[in-house]
Amino acid sequence: MNALLVAAVAAATALASPSPASPPAYVVHIKDFAYAPTPLKIHTGETVRFINDDEEPHTVTATDKSFDSTALDTNGDWTHTFTKPGTFSYFCELHPYMKATVIVTGDKQ
Amino acid sequence: MRRKDFIEHVSWTGAGIAWTLSASGLMTAGAEARAATGLTFVQISDSHIGFTRPENPDVTGTLQKTIDDINAMPVQPAFVVHTGDLTHLSKPAQFDTVKTMLGTLKAPVVVMPGEHDVIGSPDAYNAAFGTKEAPDGWHSFDRNGVHFVVLVNVFNFEIDGKLGADQLDWVKKDLAAQKTSTPIVVFGHVPLYALFPQWGWTTEDGAAVLAQLQRFDAVTVLNGHIHQIIQHTEGNIRFATAASTAYPQPAPGTADKPGPLLVPAPALLGVIGYRSIELASGPAIVQDRSLAAG
């Protein structure tokens, strides 16, 4: 009973508060050992969903180590919100020749 | 000597190594178990526990068959070395499974990570297989007058095939202490030479180690990573990559990209397996065995 109540309160809180991670506005597909689209241009605070369409596992790993999906198996996905402007290069830890970029500019007006 | 004959049975008395590998790749009945006068060990590789795709939906089953075949060898090997990619996705549960399975081998086990074992971080690998004696994984040991070197070429950020300055310093000192006549055997996951760099089948700074190995009379370098047997010779150094216990990969350049190669189910056991290496006083024997041969 208590557990149910807590769950209900938690759900209500989640609905009421502004979600820090808005629904992904952008999707990057990983297919045939490549990320697309790249470079991806977004604004600060926006969220990107990465989906692995390959039969091989891949990762989305920032060159500056600021983010890392760890292993994404086939059909695996991972979302990340970019909170700072900048150019973020990333690659696949398992296939380091796979490289791509997300360019984050200032807040969307 | 015709090329085919050269590949099928070569005996180098100078370097002291004889391969018995078929021209077609895996297996030949070859010279069966000779009297065990020297040191015999077994290499297995690329078990990819956690892989579930059609290329091999039962990777635990094929690893188990490999273990059963090794445990049934009439003379047990001095040790079994696994040259990496124990797991597919570096998950703790996958490490638990493979560690439990390898623990059923009768012989002692030597392991090193592949790039699939350190995705995100080496923490899960180290939790399962790390030791205080070799915190970075690389180490060496001696058995029956043979010096064995275990290298780790998957820990470097952004480049799978790289050893790094610390490890190069260590291996230089380690090899400097060995006699020229001491047989040297080197293990590592990714091939130590530029086997096919287009697919990442190379160790970027491997040449620095190969330079250190040139002064020895006989060197054998055994790697995994590419899920197929490829032999190569550079002077005194014999290279051989191993078959996987899980699934094959395409020969270099025969596909758009590397990755699991689908073969008809009945043929799978013929292209995966393990190998035994005998280092006797005479020529050493490297013998690859498919799981279909057992």
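## Overview and confidence

Two residues are in contact if their C-beta atoms, placed from the backbone, lie within 7 Å. The structure described here is a predicted model. For the complex, the predictor gives an ipTM of 0.75 and a pTM of 0.84.

In chain B the mean pLDDT is 87, and 85% of the residues reach 70 or more. Residues 1-37 of chain B are another matter: over this stretch pLDDT stays under 50, although the model has 58 contacts for it beyond four places in sequence. Where pLDDT is low, predicted coordinates should not be read in detail.

## The sheet of chain A

Chain A contains an open sheet of four strands, arranged in the order S3-S8-S7-S5 with mixed pairing. Strands S3 (40-43) and S5 (61-62) of chain A lie at the edges and have a single partner strand each, so one side of each has no neighbour in the sheet.

Strand S7 (residues 86-91) and strand S8 (residues 99-105) of chain A run antiparallel and are joined by six bridges. Within this pairing, Thr87(A) has Ile103(A) in S8(A) as its bridge partner, and Phe91(A) stands opposite Lys99(A) in S8(A). S5(A) and S7(A) also pair in the antiparallel sense, over two bridges. Here Ala62(A) has Tyr90(A) in S7(A) as its bridge partner.

## Backbone geometry

Most residues other than glycine have a negative phi, and most peptide bonds are trans. The following residues depart from these patterns.

In chain A, the peptide bond from Ala36(A) to Pro37(A) is cis, with omega near 0°. The bond from Thr38(A) to Pro39(A) is likewise cis, with omega near -5°. Pro37(A) lies in the loop between strand S2 (34-36) and S3 of chain A, and Pro39(A) is also found in the loop between S2 and S3 of chain A.

In chain B, His48(B) has a positive phi of about 50° although it is not a glycine. His48(B) is placed in the loop between strand S3 (39-44) and helix H2 (59-71) of chain B. Is His48(B) buried or exposed? With 29 other C-beta atoms within 10 Å, His48(B) is buried, because 20 or more such atoms are enough for that description. His227(B), also a residue other than glycine, has a positive phi near 55°. The loop that holds His227(B) lies between strand S9 (219-223) and strand S10 (231-234) of chain B. His227(B) is buried too, with 26 other C-beta atoms within 10 Å.

## Chain B and its helix H2

Chain B has seven helices and 13 strands. Of its 294 residues, 47% are buried. Among the contacts in chain B with a separation of 6 or more, 69% are between residues 24 or more positions apart.

The 13 residues of H2(B) should span 18 Å at 1.5 Å a residue, and the end C-alpha atoms are 18 Å apart, which agrees. Which residues of H2(B) are buried? They are Val59(B), Thr62(B), Leu63(B), Thr66(B), Ile67(B) and Ile70(B). These residues cover an arc of only 145° around the axis, which puts them on the same side of H2(B). An α-helix has 3.6 residues a turn, so residues three or four places apart point the same way. The elements that cover the buried residues of H2(B) include S3, strand S4 (80-82), helix H3 (92-102) and strand S12 (273-279) of chain B.

## Helix H5 of chain B

Helix H5 (residues 165-176) of chain B has 12 residues, and the distance from its first C-alpha to its last is 16 Å, close to the 16 Å expected at 1.5 Å a residue. Gln167(B), Val171(B) and Leu175(B) are buried in H5(B). Seen down the axis of H5(B), these buried residues fall within an arc of 60°, so they line one face of the helix.

What do the buried residues of H5(B) pack against? Their partners are strand S7 (146-150) and helix H6 (206-213) of chain B. On the other side of H5(B), the exposed residues are Ala165(B), Asp166(B), Asp169(B), Lys173(B) and Ala176(B).

## Where the chains meet

At the interface, 15 residues of chain B are in contact with 16 residues of chain A. On the side of chain B that touches chain A, four residues are nonpolar, six are polar and five are charged.

How values were computed
Residues numbered from 1 in each chain as written. Chains lettered and ligands numbered in written order. Predicted model: local features only at pLDDT ≥ 70, side-chain atom pairs only at ≥ 80, totals over all residues. Pairing = 2+ DSSP bridges. Nonpolar A, V, L, I, M, F, W, Y, C, P; charged D, E, K, R; others polar. Buried ≥ 20, exposed ≤ 12 C-beta atoms within 10 Å, placed from the backbone. Expected span 1.5 Å × (residues − 1). Arc of directions from axis to C-beta. pLDDT = per-residue confidence, 0-100.
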